[in-house]
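Hi,

Here is the structure I promised to pass on. Have a look at it first, and then read on for what turned up.

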Amino acid sequence: MADELKRGLEGVLVAESDLSYVDGEVGKLVYRGYDIEDLARGASYEEVLYLLWHGSLPTEAELDAFAADLAAEREVDDDVVETVHALADAGERPMAALRTATSMLSAYDPDDDESGDDGESALRQGRRITAKIPTILAAFERVRQGEEPVAPDPDLSHAGNFLYMLTGTEPDAVSEETFDMALTLHADHGLNASTFTAMVIGSTMADVYSGVTGGIGALSGPLHGGANQDVMEVLHEVDASSKDPVQWVKDARDEGRRIPGFGHRVYKVKDPRAKILEEKLRDLSESSGDTKWLDYTTAIEKYLTDQGLIEKGIAPNVDFYSGSVYDSLGIPVDMYTPIFAMSRVGGWIAHVAEYQEDNRLIRPRARYTGPEDAEFVPLDER
């Protein structure tokens with residue numbers, strides 16, 4: 001067993017965690033024992049952050065204090081804003097810009113000289129990172145659109161403030177609630193690639209900035225964080241083709257193309273997060289009077305379901321609906337993965353803090369398959 005190769009570490013237990021659990025057979029996701037549907041419908045993202053970081057849902061007084069502390073950390077140092085301007089002017093990709101700016105934040109953190117094994121210090125740093133990432137992303141998007149960044153509003157929620165900084169207008173209730181739910185749905189998901197990356201870095205007792213920067217790097221890969229963008233690009237392609245969406249999918253499959261947003265490494269049935277976002281897409285569509293993306297996605301899902309994909313364990317995942325939701329909120333396609341990071345940072349920080357409580361350096365091994373007994377030849381004889 002010790003020499004059994006598990007590519008991608010699939011199915012390998014590497015840690016114990018109280019944070020989240022995914023049951024892919026029945027389509028269930030829980031955070032610290034709470035079903036994701038209950039949290040998404042009944043709790044704010046701030047409440048979910050408190051739950052992940054502190055182990056219980058907050059009282060009203062605890063939530064007020066926590067949300068106020070988070071909101072007070074939203075402003076970003078002028079030097080970081082200047083760097084965001086430079087990155088936008090240079091045409092940098094949003095995830096790469098976020099990675100650079102997040103790493104730079106550590107230079108201005110008052111806890112940066114604290115010991116890496118101080119759990120409270122790590123959570124304070126994590127709170128600052130979580131509060132500032134929306135400010136960075138909104139500023140980056142506005143600068144590349146030729147507009148000045150909008151200063152954060154401490155009186156708005158985490159979700160509402162981001163939409164306000166992005167557009168310069170306070171969001172309506174439906175938009176704010178929908179985006180808040182999207183943040184909750186993406187906050188944690190077991191030991192996915194980016195969370196595991198942050199944990200590996202954390203296991204060296206590196207600072208939280210290093211772990212989060214590593215998580216951003218892992219999430220930027222198209223096999224992890226980019227599927228929602230892929231879905232939206234396909235929907236735009238369907239729309240531009242003037243074909244019925246079902247016919248477009250038939251033709252695409254005949255050409256050997258894979259339809260993004262279907263299939264998941266863990267879920268064998270419909271992702272519970274997809275169910276919730278489908279409902280919110282319906283709410284947004286009814287609110288705006290534009291049902292195009294809702295019509296496309298539901299038609300495609302019905303067709304692929306009728307084709308037996310779910311029976312084969314290939315079901316709609318969260319990305320199948322999140323892209324349409326973000327588009328309905330006016331968010332550019334290449335900002336979808338950065339928004340994923342904006343949410344998932346809460347989970348990264350929670351996992352790093354949890355793992356470091358009983359830390360052991362993560363150090364797997366590889367089976368050597370190279371040559372043996374190679375005879376060394378001096379340089380002047382080669």
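You will find Met205 in the loop that joins helix 9 (193-203) to helix 10 (208-219). Most residues other than glycine have a negative phi. Bear in mind that this is a predicted model.

Ser242 has a positive phi as well, again about 65 degrees and again without being a glycine. Ser242 is in the loop between helix 11 (227-241) and helix 12 (245-254). At 70% relative accessibility, Ser242 counts as exposed.

Now the overall picture. The protein has 16 helices and 3 strands. Its radius of gyration is 22 Å, close to the 21 Å that the globule rule gives for 382 residues, so the protein is as compact as a globular protein of that length. The C-alpha trace spans about 70 × 50 × 45 Å along the principal axes. As for burial, 50% of the 382 residues count as buried.

On to the salt bridges, where the count comes to 23. One of them joins the side chains of Arg128 and Asp109, at 2.8 Å from N to O. That pair links distant parts of the chain: Arg128 sits in helix 6 (residues 119-144), while Asp109 is in the loop between helix 5 (94-105) and helix 6, 19 residues apart. Are these two partners buried or exposed? Arg128 is buried, because its relative accessibility is 9%, and Asp109 is buried too, with a relative accessible area of 7%; the limit for buried is under 20%. Both also belong to a network of salt bridges that links Glu73, Asp109, Asp111, Arg124, Arg127 and Arg128.

Lys302 and Asp306 make another salt bridge, with the closest N and O atoms 2.9 Å apart. Both residues lie in helix 14 (residues 292-306), 4 residues apart, which is about one turn of the helix. Lys302 counts as exposed at 55% relative accessibility, and Asp306 is exposed with a relative accessible area of 53%.

There is also a salt bridge between the side chains of Lys243 and Asp251, at 2.6 Å from N to O. Lys243 is partly exposed, with a relative accessible area of 36%. Asp251 is partly exposed as well, at 21%, so it falls in that class although the limit for buried is under 20%.

The surface has a couple of patches to look at. Which residues gather in the patch of negative charge? They are Glu16, Asp18, Glu357 and Asp358. Glu16 comes from the segment before strand 1 (20-23) and, at 78% relative accessibility, counts as exposed. The other patch is nonpolar: Leu9, Val12, Val14 and Leu191 make up about 280 Å² of surface there. Leu9 is also found in the segment before strand 1, and at 36% relative accessibility Leu9 counts as partly exposed.

Glu37 and Pro272 are separated by 235 residues in sequence, yet their C-alpha atoms are 7.6 Å apart in space. Glu37 is part of helix 1 (residues 36-42) and is partly exposed, with a relative accessible area of 37%. Asp172 and Leu329 are 157 residues apart in sequence and 10 Å apart in space, C-alpha to C-alpha. Asp172 lies in the loop between helix 7 (158-167) and helix 8 (173-186), and with a relative accessible area of 43% it is partly exposed.

Cheers

Methods:
Residues are numbered from 1 along each chain as its sequence is written. This is a predicted model: local features need pLDDT of at least 70, side-chain atom pairs count only at pLDDT 80 or more; totals for chains, interfaces and linings use all residues. Side-chain values use heavy atoms; hydrogens and water are left out. Patches are made of residues with over 30% relative accessible area and no salt bridge: like charges are joined within 9 Å, nonpolar side chains (Val, Leu, Ile, Met, Phe, Trp, Tyr) within 5 Å. Accessible areas come from the Shrake-Rupley method with a 1.4 Å probe; for residues, only the protein chains shown count as cover. A salt bridge is a side-chain nitrogen of Lys or Arg within 4 Å of a carboxyl oxygen of Asp or Glu. Lys and Arg count as positive and Asp and Glu as negative; His and the chain ends are not counted. The place of a charge is taken as NZ of Lys, CZ of Arg, CG of Asp or CD of Glu. Helices (H or I, at least four residues) and strands (E, at least two) are DSSP runs, numbered from the N terminus. Buried means under 20% relative accessible area, exposed over 50%, partly exposed in between (1.4 Å probe, protein chains only). The radius of gyration is taken over C-alpha atoms; the globule rule is 2.2 Å times the number of residues to the power 0.38.
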